[in-house]
Amino acid sequence: MLDNSRKWKPEPDWNSACLTGRAVDVRAVSGLTQHLVSGDIERFRERHGLAKDIGALGLATGERYAVRVARDRLLVVGLQASECAAGWHQDGYGVTALGSAQRVFEARGEGVRDLLARATTIDPDNAGPCAALQFCGLTCSVYFHGDTQTLRVHVDRGLAAYLWEWLECQPLLCEKTGGFENEDFVLEECTA
């Protein structure tokens, strides 16, 4: 019997997945709480002390923040379930716990702008109000975290392995790509 699953590489161990290149490192981020909030997002932000939301390539700081993913929708990171239950709230918004429905990748280093240039057509110096954008042909939420050399990408769990394989094939992160050889680029598997 034909076994189609043998066509694809197995998913990496997301707890330790890491790629190291000359000017950029990429790792999978585990353990972030993620919630999708729809409806009256202004009231939600006020109630939970989130000063503002960030858009495409905006700069998020701290452990708790909100990322704008649509006109009336936020991706909220770091808010614990005990602080806000899933479901409809009388203040006019609904909360959905995403759990592990999305994988989060973090790219760090001087090569982040080069990675952005390969993955998207957005101008990093003139980003938009919505963090949901086409990244490597997928709709992802993309923003900076902590500083402008640390990029976070939230992608649907089912598409994470594809995005990871795309990252492995980038000259910024790999040793050889289709005849391209350069000793400046090194692929290393991380153990941390």
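Reply: Before the questions, one cut-off is needed: a residue counts as buried when its relative accessible area is under 20%. The model discussed here is a predicted one.

Me: Is R45 buried or exposed?
Reply: R45 lies in helix 1, and, leaving aside residues up to four places away in sequence, R45 touches L50, A51, K52, D53, R68 and L74. Its relative accessible area is 11%, and because buried means under 20%, R45 counts as buried.

Me: Which element supplies the largest share of the largest nonpolar core?
Reply: The largest nonpolar core has 31 residues, and F105, F135, V142, L151, L163 and L167 touch the most other members. At least two residues of this core come from each of strand 2 (25–29), strand 10 (102–108), helix 2 (112–119), strand 11 (132–135), strand 12 (138–145), strand 13 (150–156) and helix 3 (160–168). The largest share, five residues, is supplied by helix 3.

Me: Which residue of strand 13 stands opposite Q102?
Reply: Strand 10 is mostly covered, with six of its seven residues buried, and five bridges join strand 10 to strand 2 in an antiparallel arrangement, where V29 stands opposite V104. Strand 10 also pairs with strand 13 in the antiparallel sense, over seven bridges. In that pairing, the residue opposite Q102 is D156.

Me: How far apart in space are A56 and N126, C-alpha to C-alpha?
Reply: A56 is found in the loop between strand 4 (53–54) and strand 5 (59–60), and it is buried, with a relative accessible area of 4%. Not counting residues up to four places away in sequence, A56 touches I122, A127, G128, P129, C130, A131, L133 and V142. Although A56 and N126 are 70 residues apart in sequence, the C-alpha to C-alpha distance between them is 9.2 Å.

Me: Which residues does V142 touch, not counting residues up to four places away in sequence?
Reply: V142 is one of the residues that touch the most other members of the largest nonpolar core. With residues up to four places away left out, the contacts of V142 are G55, A56, L57, L116, A131, L133, F135, L151, R152 and V153.

Me: How many aromatic pairs are there, and what is the angle between the planes of W14 and W164?
Reply: By the ring-centre rule the count comes to five aromatic pairs. The rings of W14 and W164 have their centres 5.7 Å apart and their planes at 90°, so this pair is edge-to-face. The pair links distant parts of the chain, since W14 is in the segment before strand 1 (18–20) and W164 is in helix 3, 150 residues apart. Both W14 and W164 are buried, and the values asked for are five pairs and an angle of 90°.

Me: What is the centre-to-centre distance of the aromatic pair formed by F44 and Y93?
Reply: F44 in helix 1 (residues 41–47) and Y93 in strand 9 (residues 93–97) are 49 residues apart. F44 counts as buried at 0% relative accessibility, and Y93 counts as buried at 0% as well. The pair is edge-to-face, with 85° between the planes and a centre-to-centre distance of 5.1 Å.

Me: Which are the edge strands of the open sheet of six strands?
Reply: The order of this sheet is 4-6-7-3-9-8, with mixed pairing. Strand 4 and strand 6 (residues 65–70) pair in the parallel sense over two bridges, and I54 stands opposite V67 there. Each edge strand pairs on one side only, and the two are strand 4 and strand 8 (87–89).

Note on methods: Residues are numbered from 1 along each chain as its sequence is written. This is a predicted model: local features need pLDDT of at least 70, side-chain atom pairs count only at pLDDT 80 or more; totals for chains, interfaces and linings use all residues. Side-chain values use heavy atoms; hydrogens and water are left out. A nonpolar core is a set of buried Ala, Val, Leu, Ile, Met, Phe, Trp, Tyr and Cys residues joined through side-chain atoms within 4.5 Å. Buried means under 20% relative accessible area, exposed over 50%, partly exposed in between (1.4 Å probe, protein chains only). Helices (H or I, at least four residues) and strands (E, at least two) are DSSP runs, numbered from the N terminus. Contact means heavy atoms within 4.5 Å. Two strands pair if DSSP finds at least two bridges between them. Rings of Phe, Tyr and Trp (its six-membered ring) pair if their centres lie within 6.5 Å; planes under 30 degrees apart count as stacked, over 60 as edge-to-face and the rest as tilted.
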